[in-house]
Every structure is written in C-alpha cells, then in structure tokens.
Amino acid sequence: MRYDVIVVGARVAGASTAMLLARAGLRVLLLDRGRRGTDTLSTHAFMRAGVLQLSRWGLLDRIVAAGTPPIASTTFRYPGEEPVTVGHRPSPGVEALYAPRRDLLDEILVAAAAEAGAEVRHGYAVTDLLRDATGRVCGVVTPHGALRARFVVGADGIRSLVATAARARVLASGRNRSAVRYTYLDLAVPGTEWFYGDHAGGGVIPTNNGAACVFVGSTPARLRQLWTGDPDRAWRAALEQVAPGHPVARARRTERFRGWSGLPGFLRQASGPGWVLVGDAGFYKDPMSTHGMTDALRDAELAANALVAAFDGGTDGGTDGGTAALADFARQRDSLARPMLEASDEIASFDWRGAEVAPLVKRLSVAMADEVTLLEGLPGVEEGVA
Ligand SMILES: Cc1cc2nc3c(=O)[nH]c(=O)nc-3n(C[C@H](O)[C@H](O)[C@H](O)COP(=O)(O)OP(=O)(O)OC[C@H]3O[C@@H](n4cnc5c(N)ncnc54)[C@H](O)[C@@H]3O)c2cc1C
C-alpha cells in the first residue's frame, strides 16, 4: 500500500501532524521507534499558543478531564525584587494554561490521530529514506521493509534521521546551551513561577497528580559544579541560588531527578522534494524557553495545511510537487522561529545576573504574541474557537 504521507515520530509534532492530515482525508501512516504512551524529557509548560491549538483541535477537554490543573497566573522572581504575578487573561478557547505530563499528552495526540484514521505503528525505527529516480523522497526504510508515500514528514526530534538523510540545511544555529535538572515535588501552587538568579534560572510548573515539576538550569559547567555529592543536597543548593528562601526548597520530592546536558538551538530547512520537518526535527531552541511543544503544535498545523494544499493542487501531491505551499510553510515558520531562537539562545548564555535577563524574556514573549496572533487567524478546526 502506498500512503499519501508517512510521519516519522509519534509525539507532539508527529501525532498532531498525522491527526490533522488524517482529518483532512489523507492516507497517513504514523511511525515511532519507541513504545506508545511513554514519558520523555520535558517540563510540560504550554504557552498560550499551545493551549489554543489543543483547544482548536477539540483535545483540550481530554487534557482537563485527565485532571491536569489549570494554571491561572505566572510569577516572575528576580533576586532582591518583589515577585511580579501576571494573571492569564482568559480568551476564547484558552481559559487557563495547562502543563500535562508527556505520557498523558502524547497518548491523547496519538489516540486522536488513530481516531481520525491514521494508521499508527510503534516499534518501527526508520533507518533511511527512499528516493525515486529524480531524487525525490518517496518513502522510508525500516527493518520491517520499505514503505512508500508521496511525502515523508520528519517529526523525529532533535537528532532527526529524516533531516540527516534528506540533507536538510541548517539555516541558523545558536551558540549556547543550558543544562537542566528537574524533578516533581509534592507542592500545590496556583500558577507557574519563573526564577532568575545570577547566571542560573528555574521554574515551578503545576502538573498532574497534585505535583509541581520544578527545574533549575544553568551552563553545563556551572550545573556540574553544583551537582556534586548528595543529589538532594545539591538540588536544594541549586534552588537556593535561583529562588532564595522559596518554600520549593523544602517540598518533598516524589520522583527521581531527570537531567538534560544541553545542545545549541538550530533552525533547519523546513522542506525539500518529498519531505517536510516539524517539531524539534526542524526547529530546536533551548529548553529554558519552555516553548518547544508549543512550536511543535504550531508547525504541525502549518505543515499539515501546506501538505493538504499540495494534495488539493493535484491528484499526486500537486502539479508542482507541493513546492509553493511548502515554501509558504517555511516562510511562516522561519519568520516566527528566528526571533525565538535568538532570544532563547541569549537566555541560554546565562551571561546575566538576576533582572538583567528581563529584556530577553520580554523579547521571547513578543515573539510568542506574534505566534498567537497567527494561530488566532486560522479557522477553528473541530470545536472551533474562531
Ligand atoms: C529538559 C527539557 C525540558 C523541556 N521543557 C519544555 C517545556 O516546559 N515546554 C515545552 O513546550 N517544551 C519543553 N521542552 C521541549 C520539548 O520537549 C520538545 O520541543 C518536544 O518534545 C518536541 O517534540 P517532537 O514531537 O518534535 O519530538 P520528540 O518529543 O523528541 O519526539 C520524537 C519522536 O520521534 C521518534 N523517533 C526518533 N527517531 C526515529 C526514527 N529513526 N524512527 C522512528 N521514530 C523515531 C522518537 O522515538 C520520539 O518518540 C523541553 C525539552 C527538554 C530537553
């Protein structure tokens, strides 16, 4: 069987793209080398644009029904200054923000893709791309055999095999990288909190099961220095640096520590003949931005719209192979991504003390506001909010 689209990677970017393509009536195969319903590295925070997408797609109710707590406000804490709390202004489809655990979120998206008619296969590692006589990508190679499609979507994360095999060019790169440690604490907080210390930052994010996901980040060298000896003592010392005196340092830890050793951000070419990249595969920025999932949901829809337009333009992926529609997707993605990449890269330098980071945080939120404006202009997809 030949598919219209094979999507490689079944998490936030891939499952959403597959769902949208299947809802549009395309024959979609969604593959992942991993197991379904598993956890992955993330501190879970969705920005307004991410919640808006889940709402527009009719999936936010499932996140809420699973007991994900609403987040009503964000507090910014700079050393020596009074905390500043900003309430989230409810808007159509976004009554509050949410930070669902990844096993929950990713499974909701995969289930929605399957309900829409996508064929979902886990335990399928893609090892290469297939090309036709013209060099156009026309499928994937797996240990279970070759699978053919008009387009292949790489949603396979930071070390994307699809991007490598397609020889996607790197359009922009960051220079800095944060190392992050996070865990879950038995701590009820009404809103998200962001801490900025000297050359280090962190946050508290309310998530499922009455827990808060709490993280600290700094340069890899600085975090290594802090993280010596007893991990709980190192953890409290790190929290004391970014949020001195905050009750978070005394809360009971309910899960193991998780760590991320960092990678500079990048923006890769969004598409080429027969292939498209979404999510971290195409655009990765430092996790101190807590924005990767939000971007993944945005690009899922922009890329899906482009692919649907490509198929609408002809019976076999459009007369021009979908080039014009995919070029539009690339333009939109790049113009939103570049300011975010630049601001998050500067934050990840940790070359700031306390409130010196505020203008960078502001730059990031301006870029996020542009993203919300774009998404609000798209038609509601299911239980539309437009
Ligand atoms: C420490 C940390 C904290 C973060 N915190 C936040 C946060 O608070 N908020 C936020 O928005 N973002 C956060 N992020 C970023 C966010 O996790 C990513 O942006 C997001 O997971 C990207 O989703 P994705 O679907 O593109 O890729 P991934 O989630 O990486 O999924 C890729 C999938 O592709 C599959 N795959 C890979 N290779 C192959 C192959 N060859 N064949 C088949 N399948 C393959 C993998 O098994 C995987 O399931 C954080 C990241 C880190 C590291």
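The legends below describe an overview and several close-up views of a predicted model of a protein chain with a ligand.

**View 1. Overall dimensions and packing of the protein chain.** The secondary structure of this predicted chain comprises 10 helices and 18 strands, and its C-alpha atoms occupy a box of roughly 65 × 40 × 35 Å along the principal axes. The radius of gyration is 21 Å, which agrees with the value near 21 Å that a compact globule of 386 residues would have. Buried residues account for 52% of the 386 residues. Of the contacts between residues at least 6 apart in sequence, 73% join residues at least 24 apart.

View 2. Between strand 9 and strand 15 (residues 266-268) the antiparallel pairing extends over 3 bridges, and valine 170 has arginine 268 in strand 15 as its bridge partner.

**View 3. The loops on either side of strand 9.** Arginine 167 belongs to the loop between helix 5 (161-165) and strand 9, whereas arginine 175 belongs to the loop between strand 9 and strand 10 (179-185). Arginine 167 counts as exposed because it has 10 C-beta neighbours inside 10 Å, and its phi is near 55 degrees, a positive value in a residue other than glycine. Arginine 175 is likewise exposed, with 10 other C-beta atoms within 10 Å. Leaving aside neighbours within four places in sequence, arginine 175 is in contact with Pro264 and Asp345. Although arginine 175 and proline 264 are 89 residues apart along the chain, their C-alpha atoms are separated by 5.6 Å.

**View 4. The shell of residues around the ligand.** The ligand is surrounded by 35 residues, of which the closest are Gly9, Gly157, Gly279, Gly292 and Met293. By class, this shell contains 17 nonpolar, 13 polar and 5 charged residues. Helix 1 (12-23), strand 2 (28-32) and helix 8 (292-312) each supply at least two residues of the shell, and helix 8 provides the largest share, 4 residues.

View 5. Threonine 290 is found in the loop between strand 18 and helix 8. The phi of threonine 290 is near 40 degrees, a positive value in a residue other than glycine. Threonine 290 is buried, because 22 other C-beta atoms lie within 10 Å and the cut-off for a buried residue is 20 or more.

**View 6. Valine 94 and its contacts.** Valine 94 is placed in the loop between strand 4 and helix 4 (102-115). With 24 C-beta neighbours inside 10 Å, valine 94 counts as buried. Not counting residues up to four places away in sequence, valine 94 touches Arg48, Val51, Leu52 and Ser55. The C-alpha atom of valine 94 is separated by 31 Å from that of leucine 31, which is 63 residues away along the chain.

Notes: Residues numbered from 1 in each chain as written. Predicted model: local features only at pLDDT ≥ 70, side-chain atom pairs only at ≥ 80, totals over all residues. Rg over C-alpha atoms; globule rule 2.2 N^0.38 Å. Buried ≥ 20, exposed ≤ 12 C-beta atoms within 10 Å, placed from the backbone. Contact = placed C-beta atoms within 7 Å. Pairing = 2+ DSSP bridges. Near = placed C-beta within 6 Å. Nonpolar A, V, L, I, M, F, W, Y, C, P; charged D, E, K, R; others polar.
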